[in-house]
2 protein chains.
Amino acid sequence: MSATGIEFSRKNMEISGNDFINNLHPENLRLFINQNPFCQSRDSSWSITNTCYRDYDLFTCFGGEACFYLNSREFILKSGMSLLVGPDIQVEARHRGCENFRATAQHFDLKIFGELDFFSLIEYRPLVKILPWDEICRSYREYTDLNEKQTGRLLQHARLWQILARFIEYAFISVKKNIENRYLFIMNILTEIDRHISDPEIDRKILSCSPYSADYTCGIFKKLVGMRPREYILKKRLDRAKEMLQRGFPVKEAAREAGFSDELYFSKVFKLHEKITPSEYKAGN
Amino acid sequence: MSATGIEFSRKNMEISGNDFINNLHPENLRLFINQNPFCQSRDSSWSITNTCYRDYDLFTCFGGEACFYLNSREFILKSGMSLLVGPDIQVEARHRGCENFRATAQHFDLKIFGELDFFSLIEYRPLVKILPWDEICRSYREYTDLNEKQTGRLLQHARLWQILARFIEYAFISVKKNIENRYLFIMNILTEIDRHISDPEIDRKILSCSPYSADYTCGIFKKLVGMRPREYILKKRLDRAKEMLQRGFPVKEAAREAGFSDELYFSKVFKLHEKITPSEYKAGN
């Protein structure tokens with residue numbers, strides 16, 4: 001048991017269910033917009049025959065229907081739904097019903113730490129109904145408008161994030177069981193640090209729970225996150241302490257909440273990094 | 001003059017005005033949410049005295065007014081406006097008027113290529129009126145709700161992106177004149193590749209326009225972008241070609257538009273990477 005009463009064990013390092021999505025560190029995800037969004041309105045002559053993409057393609061339907069086969073599995077894409085077609089999947093599709101099939105297709109890649117394909121880590125439903133639909137419609141409208149104006153790449157990116165964040169939330173089923181690699185392990189560590197930042201011994205604990213040696217763990221952490229675990233934890237502790245001080249908590253409580261067991265040491269470290277003392281920071285806010 | 005009639009010269013490598021914002025490659029920006037968003041409703045007793053942050057803090061006002069001094073320069077923050085306080089800026093603030101000052105404060109960092117502080121590259125207005133305000137309000141409401149539920153980190157990230165993209169759009173004045181470094185240079189190259197992807201000689205041209213040696217240019221490109229310029233250009237050419245084919249253009253035209261001077265060579269490269277021929281891809285879509 002830690003000083004804060006939170007148990008920390010190798011078991012906690014396992015990723016489960018929604019925790020994975022809720023605890024993702026989005027700053028480690030890179031979203032690549034590979035092509036401009038493509039809006040189509042197709043009649044009954046339309047079909048996709050025996051195609052395979054090299055990246056991800058998110059189809060979102062605004063009217064009509066289409067029948068998709070992904071590796072021969074059937075999906076009916078209707079208005080208000082999104083379908084994700086992953087790379088190396090055999091795609092067939094055809095128009096369905098009487099109305100024109102109106103949809104947007106967006107090619108992208110989503111990589112964790114700029115390297116690992118995000119969707120390869122999880123089991124997900126390819127076809128989901130996305131809510132709130134009116135908001136998604138608005139986003140898409142602005143998204144495709146921006147594209148036509150050929151400006152606002154930053155806004156376009158923000159919009160696609162919004163759509164994808166919703167899609168992932170609805171489509172996520174679980175983390176793949178057979179995935180156990182250093183990327184997931186580091187993601188896990190990041191989540192555990194967030195959860196247990198009040199535990200003064202979190203740095204020692206994550207290293208002792210690691211299946212790898214301390215040196216190797218610190219090495220891959222540094223490579224993927226950009227700083228060593230100790231620096232990262234200190235940064236998170238100071239952020240947490242500042243948040244507490246800003247919200248009006250006493251210095252002692254801010255120190256404890258941020259995982260500093262010694263208030264004097266906390267003040268020293270705080271002053272060193274923030275150039276003012278915790279009390280000054282608190283008074284200043 | 002290139003084959004496509006677009007002139008490409010060292011002059012083109014200079015970054016100017018809005019081009020910088022419109023041509024940013026958002027996949028190279030990392031947004032770090034350093035603290036949870038902090039909502040405050042303050043009466044006339046409130047003030048910030050002589051404080052300095054180590055990161056960025058975006059204040060957005062929903063009611064009432066406050067008077068801020070950033071390095072002694074006065075800004076009046078009113079409802080519907082956002083104020084960005086950068087690191088190492090001397091901040092003073094106090095309540096103003098009769099109403100409570102209601103605002104959100106969001107600590108974050110925005111880094112290009114995970115290393116370089118984004119706002120240090122540009123001149124910007126710290127105080128802007130953000131439009132459309134009703135949309136921003138909605139985003140903030142959902143943003144802070146998400147925070148209270150302690151879930152949906154991905155959505156929170158998407159929301160903050162949306163707010164920041166708008167802020168940057170309105171606040172941007174120019175790229176700092178005295179900035180000339182390898183980050184900006186690589187950002188510039190990325191923009192030029194995008195603009196001139198139809199030019200079959202773009203790869204040779206960017207290297208010949210570089211103020212650095214070809215080896216050094218390729219080296220920093222690879223370090224920051226993750227692949228060598230030649231690979232990156234090929235990827236962009238194939239994306240462009242696929243987009244053209246998907247939109248129904250003939251193979252010959254897709255090849256030319258994507259900067260392949262030879263249609264046969266295009267088909268060979270396409271087949272090698274996409275596992276199907278351009279005609280099959282076109283027919284399949």
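In chain A, the axes of helix α4 (residues 182–195) and α7 come within 10 Å and cross at roughly 35 degrees. This is a predicted model, in which local features need pLDDT of at least 70 and side-chain atom pairs count only at pLDDT 80 or more, while totals for chains, interfaces and linings use all residues. Residues are numbered from 1 along each chain as its sequence is written, chains are lettered from A and ligands numbered from 1 in the order in which they are written, and side-chain values use heavy atoms, with hydrogens and water left out.

**Helices α4 and α7 in chain A**

- Axes are lines fitted to C-alpha atoms, for helices over the stretch in contact, with angles from 0 to 180 degrees between N-to-C directions; helices (H or I, at least four residues) and strands (E, at least two) are DSSP runs numbered from the N terminus.
- The crossing of α4(A) and α7(A) is right-handed (the near helix is turned clockwise from the far one by less than a right angle).
- A:L190, A:I193 and A:D194 of α4(A) are in contact with A:Y232, A:I233 and A:K236 of α7(A) (heavy atoms within 4.5 Å).
- Sorted by class, this contact has 4 nonpolar, no polar and 2 charged residues (Ala, Val, Leu, Ile, Met, Phe, Trp, Tyr, Cys and Pro are nonpolar, Asp, Glu, Lys and Arg charged, and the others, Gly among them, polar).

**Helices α4 and α7 in chain B**

- Helix α4 (residues 182–195) and helix α7 (residues 229–246) of chain B have axes that come within 10 Å and cross at roughly 35 degrees.
- Their crossing is right-handed, with B:L190, B:I193 and B:D194 of α4(B) and B:Y232, B:I233 and B:K236 of α7(B) making the contact.

**Interface of chains A and B**

- About 5,500 Å² is buried between chain A and chain B, 47% of it on carbon and sulfur atoms (accessible area, 1.4 Å probe, lost on putting the two parts together and summed over both).
- Chain A and chain B each give 59 residues to the contact.
- Between the chains there are 10 residue pairs in polar contact, both at pLDDT 80 or more (N or O atoms within 3.5 Å; within protein, one able to donate a hydrogen and the other to accept it, and residues adjacent in sequence counting only if both atoms are side-chain atoms).
- On the side of chain A that touches chain B, α3(A) gives the most, with 12 residues.
- That side has 20 nonpolar, 19 polar and 20 charged residues.

**Salt bridges**

- The whole structure has 26 salt bridges over all chains (a side-chain nitrogen of Lys or Arg within 4 Å of a carboxyl oxygen of Asp or Glu), and the count between chain A and chain B is 0.
- A:R166 and A:E169 form a salt bridge through their side chains (3.5 Å, N to O).
- A:R166 and A:E169 are about one helical turn apart because they lie 3 residues apart in helix α3 of chain A.
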